[in-house]
Amino acid sequence: MDSKESVFKRIMAIRGMGQVVTVTCGLIVLCLVFGVINPMFFTYRNIANLLRQIAPTLLTGVGQSFVLITGNIDLSIGSVVGMSCMISATLMTKGVNPWVAVIITMVVCIVMGVLNGVLVAQCKLPPFIATLGTMTVGRGIAQIVNGNYNTDSIGEGAKFFRTVFYSGKIAGIFTAFWIAVIVWLIFNWLLSRTRVGRHIYAVGSNIDAAKLSGVNILKTVIVVYLVSAVCAGITGLIICASTGTGTMDAGTSYEMYAVAASVIGGVSTLGGQGILLGTVVGAFIWGVLQNGLQFAGAPVAIRNIVIGVIVVVSVLLDVIVRSGKMKPRKRG
Amino acid sequence: MREEVLRLENVSQQIEGEYYLKDINLHILKGEIVGFVAPETKGKKELIQILEKNIPITYGKVYINNRLVNSYVHSNLSYNKIYVIGQKSTLVSDLNIADNLFVLRRGFRKNVINKKVLRVQTERLMTEFGLKLKPDTVVMRLKPIDRCMVELVRAWLMDCSLIVLDNCDSFLGEEDIGRLQGMIQEFCRREVAFLYMGNHHEEIYKVCHRAILFANGQIRKKFSKQELDDEHINPYITRFGAVPRERLQSSREELLSMTDITYQNLRGFTMSVRKGECVVLLVNDSNVSRDILSLMTEGENPQKGLISLRGREYTARMSKKALLHGVGVIEEDPVHTMIFPELSVLDNLTFLMDRKLDKVVLKKRYYESILREYQELMGDALRKKNVADLRNEDLYRLVYNRMYLFHPDLIFCVSPFAHGDMQCRQVVLELISQLKGIGISVIILQVNVSDSMIVADRLLVVHGGEVEKAYDKNEFYLIKR
């Protein structure tokens, strides 16, 4: 009993876990409500689809969480998703081996991430402006790569690529979700167990103290934008595999979904706070709301309004909780 | 008889069940300077808030110019005509002096600003108060003393009958304090009253007409003009405890030397520090401190001169990675500048460990070992999850022990005694001696002598960017406060 208690205490002692537990309770309630409204919600088919639907949000959410924890933001995620989708699809339709196409696509995404990091940390551009610029550039590349047209089908040669990134199943669950889980595991380890992870939190928490403690701010900020771009790149590949074509407007508004997943899961927009487990829960809430409201017959507009309100309330709660810390410090 | 400017009657302030102000009775007359000696910070901030704006109080009444402005029955949250001058400026740093004085003033109604008229008006004011400041100077370029002067003039323009000076000796040097006090006396003649707050009564006593001793949220003692001397206040204040002498011995081995350095505000600056030595650099201009830190930690090259560390040239490249080359900095007000509020206490303490051990992933056993070892130095504070739950003294311990754990060869401490109360300053003294005890050299950069003499081995007075005078420990008695 004691050991059980201490394990629970140890889990709850992780910073940000309290919020994750609260949001998880909310998620359970949501699932129950949608399950009562429509019993089809809890069918295997729906759950498998739901998990596949969640994968892109979870991936982009992980990337955005990294950036938000440093106190910055990445608005170029959606464009990088589109760019990744278009570049990979174009290369595949031109007969390039799908795996070579994947590597080339990821290299371009990484360059985009490094560019974002350099603009923010080295050139000192406000992250909002810097990534707004690269967002337009990314979308432009997505349009120009196939001469301003969506691509044709990536063809039979890319069948294995489609199986790996979208339609294949492992243990009854689509591979797209497994990819998201693996990416999450890697980046969660990076954030919670490594020196880089601590530097990321330190930069978001107190950038001056981080500088004085010898943290390389440029390197740390580049790393977070790179993680974000890698996640967006993989998301683009999943979308390419799902549609079987490259679409120029793929990934539109994904930066917003990513912010939603992060913020709902307790990642602070003010930096320094949040854990990736929260982003998972945030992505699930986003997915369940989309899926459940669709089952309930709610139009897209209503779904957007509901999610938008939840995001605003989450940020508001974060600001209120944070400002509560500014109470006068007790003297002993 | 002179008119009364401020009267506090039995004012008490309770926050979350704890008294920050208890039964405060205070009155200030027009043109009077009342000293406010506060060795502890508790309640001081709350008192300033009550004076500035009428926030709810638990008990008592506040009168300004004989008018009841706040009471325990009703607080209207309005602002009083009381100006507070402290380390944090209330001027807008990106605007010039003229704009700050005239445009950003309650009651300024003009929509179109005539710059020429503003300039003429500002120049007239500056001449009136004997200030040689150009109206177009942007506030951020002003020296701290000039900024204080502009704030005094602004308070005058805003028709404030009382000005609160909050711990000005923490950011102004001896010479500047003298200038400020001269100006205060000039304002007194114009019937402006002052509440002169500070940690050190010696500074305050030079100009005030009477004084009060404030501790633990209460007025402990009131001193009349005749009682303004050490003899009367000594029984009520605690002097710093002794710091063990045997731990303060430094070796003869030279660690850092700066020879004939010319860089921005430094002009032929020369100094050296031995291993385990504590040197105080008394600088009258905070820009000089910034320049030294830029050279040592921000990758800047001196225009002339040589810096050497452990007998080898200390290059700009090394300075970019100062910590890895054994040079650390504890910034001014470390409670706010050096703490990561979102990290746990243990994470804050061990923040530099990965670089010390050169490991990407720190194993759990390292944390457990540090936890055991530092329990004695940090006490229960180390077990707390949230740094917001720590007392100020513990936060100081956290920052200094982080450096202690990392063990650089040299640490620059910027104004380490400027922000804490008596208790914190005692803790800082102990922590500095603890660093010296393990052979770390400490260079204290500050604008006034303050309390640093207790741990210092040498004191260098820097004036005009060069070392003007040097005092060894046995010559400290020659230094006038």
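Reader: Which elements do the buried residues of α13(B) pack against?

Author: First, the basis: this is a predicted model, in which local features need pLDDT of at least 70, side-chain atom pairs count only at pLDDT 80 or more, and totals for chains, interfaces and linings use all residues. Residues are numbered from 1 along each chain as its sequence is written, chains are lettered from A and ligands numbered from 1 in the order in which they are written, and side-chain values use heavy atoms, with hydrogens and water left out. Elements are DSSP runs numbered from the N terminus: helices are H or I with at least four residues, strands are E with at least two. Contact means heavy atoms within 4.5 Å. The buried residues of α13(B) pack against α9 (195-205) of chain A, and in chain B against α11 (345-349), α12 (353-357) and α14 (392-406).

Reader: Which residues of α13(B) are buried?

Author: Buried means under 20% relative accessible area, exposed means over 50%, and partly exposed is in between, with a 1.4 Å probe and protein chains only. In α13(B) the buried residues are Tyr366(B), Tyr367(B), Ile370(B), Leu371(B), Tyr374(B) and Met378(B).

Reader: How many residues does helix α13 of chain B have, and what span does it reach?

Author: The expected span is 1.5 Å times one less than the number of residues. Helix α13 of chain B (residues 364-378) has 15 residues and reaches 20 Å from first to last C-alpha, close to the expected 21 Å. A bend is the angle between axes fitted to the seven residues ending at a position and the seven starting there. In α13(B) there is a kink of about 30 degrees, centred on Arg372(B). Just after the helix, Gly379(B) has a positive phi of about 70 degrees.

Reader: What are the corresponding values for helix α13 of chain A?

Author: That helix covers residues 276-295, 20 residues in number, and its C-alpha span of 28 Å is close to the expected 28 Å. Of these 20 residues, 17 are buried, so α13(A) is largely enclosed by the rest of the structure. Just after α13(A) comes Gly297(A), with a positive phi of about 85 degrees.

Reader: How many residues does each chain give to the contact?

Author: Chain A gives 31 residues and chain B gives 45. Buried area is the accessible area (1.4 Å probe) that two parts lose on being put together, summed over both. Chains A and B bury about 3100 Å² between them, 49% of it on carbon and sulfur atoms.

Reader: Which side chains meet in a salt bridge?

Author: A salt bridge needs a side-chain nitrogen of Lys or Arg within 4 Å of a carboxyl oxygen of Asp or Glu. The rule finds 1 across the interface of chain A and chain B. Arg198(A) and Asp347(B) form a salt bridge through their side chains, at 3.2 Å from N to O. On the side of chain A that touches chain B, the elements giving two or more residues are α1 (2-12), α8 (175-193), α9 and α10 (207-212) of chain A. The largest share of that side, 6 residues, comes from α9(A).

Reader: Is Ser84(A) buried or exposed?

Author: Ser84(A) is buried, with a relative accessible area of 0%. The residue belongs to helix α4 (residues 77-93) of chain A. A polar contact is a pair of N or O atoms within 3.5 Å; within protein, one must be able to donate a hydrogen and the other to accept it, and residues adjacent in sequence count only if both atoms are side-chain atoms. A polar atom of the Ser84(A) side chain lies 2.7 Å from the backbone oxygen of Gly233(A). Leaving aside neighbours within four places in sequence, Ser84(A) has contacts that include Thr105(A), Cys109(A) and Leu237(A).

Reader: Where does Asn348(B) lie?

Author: Asn348(B) is in helix α11 of chain B. This residue counts as buried, at 0% relative accessibility.

Reader: What is the phi of Ala171(A)?

Author: Most residues other than glycine have a negative phi. Ala171(A), which is not a glycine, has a positive phi near 55 degrees. Ala171(A) lies in the loop between β1 (169-170) and β2 (173-174) of chain A, and is exposed, with a relative accessible area of 71%. Asn216(B) also has a positive phi, about 50 degrees, although it is not a glycine. Asn216(B) sits in the loop between β9 (210-215) and β10 (218-223) of chain B, and is partly exposed at 35% relative accessible area.
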